[in-house]
Structures are given as C-alpha cells and as structure tokens.
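Welcome, and thanks for taking a look at this one with me. Here are a few notes to read beside the structure.

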Amino acid sequence: MQAVRRCSACAKHAAGGLVQNQEVSLLQRRGAACIRYLSTSEKRSGVQKPGEMTNPTHISLASLSVGHGLWVSQRLNQVEDLSHNSLIRRAASVLTDSSSSFLSQATLALTDALTDYSKAVHSRIIFQKRYLASVGKMSPSEEESLQRAISGWRSEAAERLNECKHYDSTWIKAVNLCKMAAEAAYSSGAHQASILVQTNIQVAQSQVEEARKLSSEADKKLAETKVEEIQRMAEYSAFLEGSEEHEVHEAYLRED
C-alpha cells in the first residue's frame, strides 16, 4: 500500500502538465523507483495470484510509465536543432532579410528621386512653353517672371538628377547584395529564403523600371520643347529683323 501511495503521488505529479527539464528528470527517476519497488515487493511475496497480475493499480502505473516515456521522447525530439548546418541556414535567412530591407529602402529612395525629377522636368516644360507662346507679347516684367520660373525648375531638375545618380548607385549595390544573399541561402539549404529574396529583386526591378520610364518620357518631352524653342526663337528673330528693315526702308523713303 505504501508503494501504491508513493506511485500515485508520482502519477499525479506527472499528469500536471508540462514541466521543466529538471522536473522531467526527477519524474523519470521517481517512476523508475516506483516500478522497481513494486517488482521487488511482488518477488518477496512469493507466487503471485492470477488476480494480482491484472491489478488495476499496477496496469495504471505501467501505462503511466510508458506514456510518460513517450512524452519525454517527444519533448527531446522538439529540442531546438543547434547543429552547424541549422545555424548556417538561420544566418543565411537573416542575411536575406537584411539585404531585402536594404533593397527596399534603396528602391524607395531611387523611385522617389526619379519621380521628383520627372515632376521638375514637366514643370519646366510647362513654363517654357508658356514663354514661347508669349514671345513678343509679354511685358518686360512678365518675361522676367517666366524666365525666373524656368531657371528655377531647371535648377530643381538638375538637383533631382544628381539624387537619381546617387541612389541609382546605391540601388545597384543593394541588388547585387541580394543576389549574393540568395545564392548563399540556396547553397546553405534555406531555399524558401532564397526564393523570397529573388522575388523581392524582381519587384524592385519592376518598380525602378517604371520610374525610369516616366523620367525618360519627361526627358524626351524636354528635348522636343528645346527644339521647339530653337525654331520659335529663330522665327521671332527673323520677324524682328524684317521689322527693322521695314522701318529703315520707311525712314529712307520719308527722307526722300
């Protein structure tokens, strides 16, 4: 009876839920001691009766011992894998995460710079066309105001273009870093991380390509506006020369 009470106490303690590693070891030792005590008591009592072989208390303790052993085995299998290969895969995943973050920030900076550059160029075009349409029809103050606006947007576009060059260099480095991280992750066995960073590269390239397309269109329109400006100013100069000759001819006739 004393053995049964001791084993029942062990059983209740084991069935209480998850325990710490030291408690698991202690329960194992207690369970083993209970089984050994029962076995020794039964041997000392002589020949066992058939009813004693199917004692519910003995069956319950045996089942508890087997179940607890399986639970401990499962807990040990769930212990974190700290092998070299596992640690390398984790490090490779961290590398892909950080390189993807770097690429994301570089992409945002470059696309913003390209967008700002496109806006500055379009603003310059608007004022330049307004100036060309009003050549010879403006007052000196209006002409000065438009020229000042054109000059301001020209400077703004130049600054944004310098930013584009700076961030473009950073973005290229970020892409190359992500490619190396993807290769490292794949070779280390972190295939999912490798696929993810490659997807991030494709998304970043698509975003930058779209922003570059817009800036290229702005440059094309600016070039067309410059050609239009040359033609318009040539026409206006010819008009002025014709007017001066006409005035000189009229003055000569008046003198005659």
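**Notes on the model**

1. Let's start with one side chain: Glu-144 is partly exposed, with a relative accessible area of 47%. Glu-144 pairs with Arg-148 in a salt bridge, at 3.6 Å from N to O. Arg-148 is exposed, at a relative accessible area of 52%. Both residues sit in helix H6, four residues apart, which is about one turn of the helix.

2. Please keep in mind that this is a predicted model. The mean pLDDT of the protein is 75, and 62% of the residues reach 70 or more. Confidence is highest in H6, at 94, and lowest in helix H3 (residues 50-53), at a mean of 44. Residues 1-24 have pLDDT below 50, and this stretch has 25 contacts in the model beyond near neighbours in sequence.

3. As for the overall fold, the protein has seven helices and zero strands. Among contacts between residues at least 6 apart in sequence, 79% link residues at least 24 apart. Of the 256 residues, 25% are buried. The protein exposes about 17600 Å², with carbon and sulfur atoms supplying 55% of that area.

4. Back to charges: how many salt bridges does the structure hold? There are five. As a general point, side chains of opposite charge can pair when their charged atoms come close.

5. Salt bridges with shared partners join Glu-156, Glu-159, Arg-160 and Glu-163 into one network. Within it, Glu-159 also bridges to Arg-160, with the closest N and O atoms 3.9 Å apart.

6. Is Arg-160 buried or exposed? Arg-160 counts as buried because its relative accessible area is 13%, under the 20% cut-off.

7. Finally, have a look at the surface. Phe-102, Leu-177 and Met-180 form a nonpolar patch there, with about 260 Å² of accessible area together. Met-180 belongs to helix H6 (residues 140-188). With a relative accessible area of 52%, Met-180 is exposed.

Notes:
Residues are numbered from 1 along each chain as its sequence is written. This is a predicted model: local features need pLDDT of at least 70, side-chain atom pairs count only at pLDDT 80 or more; totals for chains, interfaces and linings use all residues. Side-chain values use heavy atoms; hydrogens and water are left out. Helices (H or I, at least four residues) and strands (E, at least two) are DSSP runs, numbered from the N terminus. Buried means under 20% relative accessible area, exposed over 50%, partly exposed in between (1.4 Å probe, protein chains only). Contact means heavy atoms within 4.5 Å. Accessible areas come from the Shrake-Rupley method with a 1.4 Å probe; for residues, only the protein chains shown count as cover. Patches are made of residues with over 30% relative accessible area and no salt bridge: like charges are joined within 9 Å, nonpolar side chains (Val, Leu, Ile, Met, Phe, Trp, Tyr) within 5 Å. A salt bridge is a side-chain nitrogen of Lys or Arg within 4 Å of a carboxyl oxygen of Asp or Glu. pLDDT is the predictor's confidence in each residue, from 0 to 100.
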